[in-house]
Amino acid sequence: MKKKDPVLIGLIVLSIILIIYSLFYFINYYSYNDLLFHFPESVDDKNLKLPPNEIGDSIGGVLNPIIAFSASVLTFLAFYIQFKANNEQRKIFQATIKKEKTIEHNRHKANINIFKALINSMTEYYNKSGDLLIEFINREEENPLEINYYAFLTNSSYENFNKLNLRDIYSSIAYSFENNDENENWENNFIDTLTIVDFYHKLITELKIKFEIHVKSKSDNLNSVGEVLNKNIGDILSDPYLSSFDGIEDYIAIVYNKDNSLNPIIPDKEFKGISFSRLQDEFFKKFLTNLKKEYDKENDPKFKKLLELYSFENKRIGKEKFQTLKYIENLKKQHSRFSEGKEFDKIKEFLERINIS
């Protein structure tokens, strides 16, 4: 509840009393001398009629001080009311400024919190991506002729970060360092943070594109080798002599998961498909050796044709293995950027310095 002003109340009461008194005096005087409805006929103490100007002097002489005092009170009251109004306006203005400062402070604080949350989310995403990358490298290195998948994480922080107004973010960070003793080089730190975030986003995007190209190329090439072998192995298996060559049993075991009695070597549910590494190390190595011996011994064009066919497919597998190893070598160089981790430490230190309480 608003506190009442005793000065204002006193002035108003005094003004009303003076006005009422003046009116009362005026009416009473005119009534007493029968001046309200008649021309003045006042007499002096010798019973002589007074002229109208003397009546006016009489009334004015009594009322003028009262009216003058009333006017002074009313004038002071007007100035006092204006003074009060000015004070109220000043308070409203100061409250408005304080409110605007509070709104601005909260806006800067919200900007900083959003900025920190997104940067932390992105650096965490980059770190996890680096861990998954080394796992993929190890799988590729251990089994270069298998289709190994790199489980790319999903993260929308970079997209949301790009929606921010960097000018607002810059302004909010500047606001946080206004009264901060640790404000040295914060602009350079800010630029470095943006550069690092952008670099790793592009790096992961590039890794993803190259991975998709690599896995598609490997899959297409190895599937093509499998199709060629599947198409031509029937001629080998239907030939009693060729089917007795060392390596044929390995082929059936590797490709079909069958032993000599055509029983599953491992449960079919556990069979993961053709192992091209085993196909190259076991089947091709033995089978091509036998074909070469037969061709050298008999110089039969049939053996030459088979030797050329299976040697070519073996080389295709070898080429794919070589390309995979080169791909892994490049990935290791890329992963070294993740494993250094110094850039992320710098970002973490910079974020810790930005504070708005």
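Which helix supplies the largest share of the lining of the second largest pocket? That would be α5, with four residues, and the close-ups below keep coming back to this helix. This is a predicted model, where local features need pLDDT of at least 70, side-chain atom pairs count only at pLDDT 80 or more, and totals for chains, interfaces and linings use all residues. Residues are numbered from 1 along each chain as its sequence is written, and side-chain values use heavy atoms, with hydrogens and water left out.

**View 1. Here is the second largest pocket, with a volume of about 270 Å³.** A pocket here is an open set of points on a 1 Å grid over the protein atoms alone, where a 1.4 Å probe fits, with protein on both sides within 12 Å along at least five of seven lines. Its volume is the space filled by probe spheres set on the points, which are joined across faces, edges and corners. There are 13 lining residues (those with an atom within 4 Å of a point), and Y125, L153, N155, H201 and I204 lie nearest the centre. At least two lining residues each come from α2 (52-142), α3 (157-162) and α5; helices are DSSP runs (H or I, at least four residues), numbered from the N terminus. Sorted by class, the lining has seven nonpolar, four polar and two charged residues. Nonpolar takes in Ala, Val, Leu, Ile, Met, Phe, Trp, Tyr, Cys and Pro, charged takes in Asp, Glu, Lys and Arg, and polar takes in the others, Gly among them.

**View 2. The largest pocket has a volume of about 500 Å³.** Its lining counts 20 residues, and E146, K272, G273, I274 and S275 sit closest to the centre.

**View 3. Helix α5 (residues 186-238) meets helix α6 (residues 248-256).** Two packed helices are described by the angle between their axes and the distance between the axes. For α5 and α6, the axes come within 12 Å and cross at roughly 140°. Axes are lines fitted to C-alpha atoms, for helices over the stretch in contact, and angles run from 0 to 180 degrees between N-to-C directions. The pair is therefore oblique; angles under 35 degrees count as roughly parallel, over 145 as roughly antiparallel, 65 to 115 as roughly perpendicular and the rest as oblique. The crossing is left-handed, meaning that the near helix is turned anticlockwise from the far one by less than a right angle. On the α5 side, L229, N230, I233, I236 and L237 make the contact (heavy atoms within 4.5 Å), and on the α6 side I248, Y251, I252 and Y256 do. That contact has eight nonpolar residues, one polar and no charged ones.

**View 4. Next, α6 packs against α7, with axes that come within 8 Å.** They cross at roughly 155°, so α6 and α7 are roughly antiparallel. This crossing is left-handed. From α6, I248, D250, Y251, I254 and V255 meet R278, L279, E282, F283, K286 and F287 of α7. The tally is seven nonpolar, no polar and four charged residues.

**View 5. Finally, α5 packs with helix α9 (residues 342-353) at an angle of about 135°.** Their axes are 10 Å apart, and that angle makes α5 oblique to α9. W186, N189, F190, T193, I196 and Y200 of α5 touch E343, F344, I347, F350 and R353 of α9.
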